Amino acid sequence: MLFSPIKHYEYCRRSIYVALEDVPDLDFFWDSKEINMFEILWNRELPISEIAEILGKTEISVLFLSMDRILKEKIEPRKGWCLW
């Protein structure tokens, strides 16, 4: 019997876990205006809870955007990583 890469991929694919796939109210989609506003608010050192309220997003969505922007070096992390 020959090894089939396609069958192997299909078998492996069945056991993949997608993190955060079923978290309610988690929004990964942001337009450029929202990102610009987020960065302004972040640089003013507003807490995530206030940024979320201003942008009309959930706190968890803002948290993940902050992590994205920090990892891409678009914003500076908060001192001591005090995100909240």
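I began with α3 and found I48, I51, A52 and L55 buried (under 20% relative accessible area, 1.4 Å probe, protein chains only). They cover an arc of only 100° around the axis, which puts them on the same side of α3; the arc is that of the directions from the helix axis to the C-beta atoms. I noted that helices here are DSSP runs (H or I, at least four residues), numbered from the N terminus.

The model is predicted: local features need pLDDT of at least 70, side-chain atom pairs count only at pLDDT 80 or more, and totals for chains, interfaces and linings use all residues. Residues are numbered from 1 along each chain as its sequence is written, and side-chain values use heavy atoms, without hydrogens and water.

Next I looked up the partners. The buried residues of α3 pack against α2 and α4.

I took α4 (residues 59–71): its axis and that of α3 come within 8 Å and cross at roughly 110°. α3 and α4 are therefore roughly perpendicular (65 to 115 degrees). I48, S49, I51 and A52 of α3 meet E59, V62, L63 and S66 of α4 (heavy atoms within 4.5 Å). I sorted this contact into 5 nonpolar, 2 polar and 1 charged residues.

Then I turned to α2 (residues 32–43) and α3 (residues 48–55): their axes come within 10 Å and cross at roughly 145°. The crossing of α2 past α3 is right-handed. From α2 I listed E34, M37, F38, L41 and W42; from α3, I48, I51, I54 and L55.

Last, I checked what follows α3: G56, with a positive phi near 70°.

Definitions and conventions: Axes fitted to C-alpha atoms, helices over the stretch in contact; angles between N-to-C directions. Helix = DSSP H or I, 4+ residues; strand = E, 2+ residues; numbered from the N terminus. Left-handed = near helix turned anticlockwise from the far one by under 90°. Parallel < 35°, antiparallel > 145°, perpendicular 65-115°, else oblique. Nonpolar A, V, L, I, M, F, W, Y, C, P; charged D, E, K, R; others polar. Buried < 20%, exposed > 50% of the residue type's maximum accessible area, 1.4 Å probe, protein only.
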